[in-house]
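I opened a notebook page for this model and wrote down each thing as I looked it up. The entries below follow the order in which I went through them.

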Amino acid sequence: MIRTIASAILLIAASLHAQQIDLEKIFEERNLGPVGELLAKGDYELVARIGEAAVEKGLKAPDWRILRFKALREMGQIETALDETRKALVVYPGNFEILMLRHDLARLLGKEDVAAESLKGINEAAKAKPSKDRTAIETVSLGRAAVALGADAQKVIAQYFKVAQGKDAKLEAAYLAEGNLALQKDDAQRAADVFRAGLKAHGETADLRMGLARAFQSSDREKAADSLKKALELNPHHAAAHLLRAELLIGGEKFVEAEAAIQQVIELDAEQPVAWSLRAVVAYLFQADAKKMDEARLQALKRWDRNPEVDLTIGRCLSRAYRFAESAAHQRKALEFDPKYLPAKMQLCHDLLRLGEEEEAWKLVEVIRKEDGYNIQAHNLALLEKEMNGYVTKTFDDFILKMPKRDWPIYGERALALLRDGKAVLGTKYGADLKRPVLVEFFGAQQDFAIRTFGALGGQGMLGVCFGTVVTMNSPGSLAHGRNNWESTLWHEFCHVITLTVTNNRMPRWLSEGISVYEERQRDPAWGMAMDEKHREMVLDEETLTPMSRLSGAFMAPKTQEHLMFAYYESSQAVEFLLTTFGKEKFQGVLTDLAAGKRINDAISANAGDIESVEKEFAKYITAKAKAFGGKAEWDEPKSEELNPFDAGSFAEFLKKHPSNLWALRKEADTLSQAKKWNEVLPIAEALIKFLPESYDADSGYALKVQALRQLKRTDDEIAVLRQIAAKSSSAQSAFLRLIELDMPAKRWTEVKANALRSMALNPFLVTPQKALADACAATNEVPAAIAAYERVLILDPSGGAQTHFKLAGMLRTTDAAKAKRHLLDSLALAPRNREGLAMLREWK
């Protein structure tokens, strides 16, 4: 139908050639729109032919040529389009849009002299036409020219793009210009707002949807994927959308699908530089073929042999695959081509930070800020540097720790000890040889952690990230912590340091995460991730359980946070399966092969057998675990015909017939708890424990039993159940604190210490567990540990320090008399009538 309309346009154009100009104008006004729609839908070849025919027939509107130039550009016929813009300017001298198109085409070919000449032409044209007489599209072209000439971005937006939107609220180009400029300055939030406004004012277009996808690329993958999908529905040939999709697929290690997306672009434009850049990345990461990568890179540079976007793109994708050193090398190549190319400077800055080369990175941030005052990432990094200048830095032979000054005395020594344990245990186990100290940074504010880690705000819910020999962590005192075990997180991230080192950063996401979660469980059975009800449900769902060879994709765009957590769990189970089935030596062989450049599926096949067979066996392995979890329980909720809501005895009858039904047991427990019938709650709790003995969460039978026993004041029985929970759950803060409360009066110091340490692994800034640890260590004559704990108590609770100072004075008296006396005097200053303190002071005299 579209092609029929286009043919009709050409026929009518021929018949109107000899007629009056006003009829020609009417024809053009009626038909330029439909041809523009053809361009927007990706029918580039047809649009190019229509534009050519329109010129041959003498149609006067410059828009016919402009549409043709844009179509030729999308088909990769850049030289042809550039030459035709030169001819067009003879006919339409000073045309703003043609001049800007000529500039863009020249830049694609690296012809800086032609690009500069075009900008000069726009400037001269602008002088000849007052702003009040300029059309909206002319105003956009002038604004884009101003950006190219280095004008202040904020002023350009206000004086050109917003003005253009005021002149024509539906003009797509005005929103695209502003939104794309915001993206160039890393202002993704503003870009998203602009593109949404454009969609509302103009309607759906592939370009606006593509802009919105890029704006959400880092912050909301689901929204980005949705906009990307809509862009390709609107224009199946949209090169930028296919390339972004390919880049996202590469990030999810879906290399075959990425190659297919790249091929669609190359079929339309055989020399498209970004497409060949991404093909180079696939050759390197997927095919482990350095020669093929170099060939693809050279092909990417064929159109313009000093195009900095080529190495920027290659490096950016490698950086996402944890190849930071390789990425930095490519950014330096890009900057050799163009020393002023800010995107490469910004990416290099991130790579340097991830490599631990902070001094060079901060200098580069300052350079970027001077060159581009609007760049959001550079602005945020400069603020972060200022904040981190106030951090304490502790340098050792094996580790460098940075954290807020208030943090070091609270948990710094514990973090260092845990890291050294990790180096001894994990380093030996995997044969890692760390050539340089590992940099570990803790951030007191989640936004600082996000900027340091991701280069932008976001990353809520993430507690730590490893970049090889650099680890970033949310401080256990930040709002991001409290319910999460910071010690297990640190162990997890340091395990990444070991495995990334062993494999030369050549390991898929799923294997890296799987080993770290697995090693958490090896360190402490309460750490890591265990089978639970949600995991059971997802394992038994064929759509959710992911084949091992595609597990990395489960991390890429999970439907929900639960799906992401399941990806971690399933990966850890895959590691456990490989180790238990094939042994440590074979598993180490997989890592060795990865380090040598083998693909993961080939490495598994070489050491464990055919990947398809391994996947099938793993599916059986994890499914058996899921079925065994609550294997004696009845999981299905009752059907409507099995319960009569109007019959009070219907539920009781159902429970009698189905005594193992978890839904019924929980409903009965809830009813009895609300009625405070605690003696009757206990049998229900026991039943839940019987049918789900592996569940220790807040909804478990154990938690219900503790609640009932506490209400019945059966303290000894309550303690026994609490100990079971504490031993199996690393996040049971209420259980840890309750046990401290009950064990302290009974002077069960071993148990007090254990639960104080468990509590501090969740939040070391709580006074109660710190004080309990100090008292327990003092009672068991562990003087150095007691002194350290009491000193932490003084920092956390200075107002209640009289007794703490007094205890410190007593413990330090024989080893550090001067320090002991200072504590004694501080104690008496807070409590001058303390008789024991006064007696000690008299003894000193």
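Which residues have the most contacts inside the largest nonpolar core? I began with the ground rules: this is a predicted model, in which local features need pLDDT of at least 70 and side-chain atom pairs count only at pLDDT 80 or more, while totals for chains, interfaces and linings use all residues. Residues are numbered from 1 along each chain as its sequence is written, and side-chain values use heavy atoms, with hydrogens and water left out.

**Entry on the cores.** I found that the largest nonpolar core has 106 residues, and that Trp 510 and Leu 511 are those with the most contacts inside it. A nonpolar core here is a set of buried Ala, Val, Leu, Ile, Met, Phe, Trp, Tyr and Cys residues joined through side-chain atoms within 4.5 Å, and buried means under 20% relative accessible area (1.4 Å probe, protein chains only). The largest share of this core, 14 residues, comes from helix 29, residues 561–595; helices are DSSP runs of H or I with at least four residues, numbered from the N terminus. I then noted that Leu 511 touches Val 575, Phe 587, Leu 591, Leu 594 and Ile 600, leaving aside residues up to four places away in sequence, where contact means heavy atoms within 4.5 Å. A second, separate core of 31 residues includes Ala 334, Trp 362, Leu 384 and Met 388.

**Entry on Glu 519.** I looked up Glu 519 in helix 26, residues 509–523, and found it buried, with a relative accessible area of 3%. The side chains of Glu 519 and Lys 429 are joined by a polar contact of 2.6 Å, a term for a pair of N or O atoms within 3.5 Å; within protein, one must be able to donate a hydrogen and the other to accept it, and residues adjacent in sequence count only if both atoms are side-chain atoms. Among the other residues that Glu 519 touches are Tyr 430 and Trp 491.

**Entry on helix 33.** The buried residues of helix 33 are Leu 662, Ala 664, Leu 665, Ala 669, Leu 672 and Ser 673. They lie on the same side of helix 33, because they cover an arc of only 165° around the axis, taken from the directions from the helix axis to the C-beta atoms. What covers them includes helix 32, helix 34 and helix 35. Just after helix 33, I noted that Lys 676 takes a positive phi of about 60°.

Terms used: Helix = DSSP H or I, 4+ residues; strand = E, 2+ residues; numbered from the N terminus. Buried < 20%, exposed > 50% of the residue type's maximum accessible area, 1.4 Å probe, protein only.
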